[in-house]
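Here are my notes for you on this one. Keep the picture open while you read and find each residue as it comes up.

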Amino acid sequence: MFIAAEKGDITTIIGGIAPDWGPFGSLGNEARVMIEVVMAVAILLCLGIAIWGAAKQRIGATALRDTFSAEQGKGLIVAGLTGVFIIGSLGTLFTIVYGMAV
């Protein structure tokens, strides 16, 4: 009787749900790494914007009693998290659009 699964790596688990590169499939490894680095930096930038918005909302709402700053903070939070979602799903969106075109 086996309690645990057989040996394998993480690619066997997520290989079925990870999108392929679609139109970018013919790129070399260096180009793929560069695209991934640019996307990671953009995601970190968007998360920074969301954190800045949360701090601005918290400081504006409590310490300064500045409702304009609090509202501006809410907008930054929404913009940052929306950017993270869009950038995170670009690979899937490109694959879907490319698959529909072919």
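**Notes on the model**

1. Start with a pair of charged side chains: E71 forms a salt bridge with K74, and their closest N and O atoms sit 3.4 Å apart. Both residues belong to helix α3, which covers residues 67–88. They are three residues apart, or about one turn of the helix. In general, side chains of opposite charge can pair when their charged atoms come close. The structure holds one salt bridge, so once you have found E71 and K74 you have found it, since the cut-off is a Lys or Arg side-chain nitrogen within 4 Å of an Asp or Glu carboxyl oxygen. As for K74, it is partly exposed, with a relative accessible area of 39%.

2. Before going further, remember that you are looking at a predicted model. The mean pLDDT of the chain is 75, and 66% of the residues reach 70 or more. Which element has the lowest mean pLDDT, and which the highest? Helix α1 (residues 10–14) has the lowest at 55, while α3 has the highest at 86. Where pLDDT is low, the predicted coordinates should not be read in detail.

3. Now the overall layout. The chain has four helices and zero strands, so reading from the N terminus you get α-α-α-α, given that elements are numbered from that end. Of the 102 residues in the chain, 11% count as buried.

4. The UniProt record (an unreviewed entry) puts the annotation "transmembrane region" on residues 33–55 and 76–101. Take residues 33–55 in the model: this stretch is 100% helix and 0% strand. Its end C-alpha atoms are 33 Å apart.

5. Next, have a look at the surface. V33, V37 and V41 make up a nonpolar patch there, and together they have about 240 Å² of accessible area. V37 sits in helix α2, which spans residues 29–63. Is V37 buried, exposed or partly exposed? It is partly exposed, because its relative accessible area of 42% falls between the 20% and 50% cut-offs.

6. C46 lies in α2 and is buried, with a relative accessible area of 12%. C46 and L76 are 30 residues apart in sequence, and their C-alpha atoms are 9.3 Å apart in space. M39 also has its place in helix α2, but M39 is partly exposed, with a relative accessible area of 25%.

7. Last stop: S89. Where is it? S89 is in the loop between α3 and α4, the latter being residues 90–101.

Key:
Residues are numbered from 1 along each chain as its sequence is written. This is a predicted model: local features need pLDDT of at least 70, side-chain atom pairs count only at pLDDT 80 or more; totals for chains, interfaces and linings use all residues. Side-chain values use heavy atoms; hydrogens and water are left out. Patches are made of residues with over 30% relative accessible area and no salt bridge: like charges are joined within 9 Å, nonpolar side chains (Val, Leu, Ile, Met, Phe, Trp, Tyr) within 5 Å. Accessible areas come from the Shrake-Rupley method with a 1.4 Å probe; for residues, only the protein chains shown count as cover. Helices (H or I, at least four residues) and strands (E, at least two) are DSSP runs, numbered from the N terminus. Buried means under 20% relative accessible area, exposed over 50%, partly exposed in between (1.4 Å probe, protein chains only). pLDDT is the predictor's confidence in each residue, from 0 to 100. UniProt positions are given in the numbering used here, feature names are shortened, and annotations may be inferred rather than shown by experiment.
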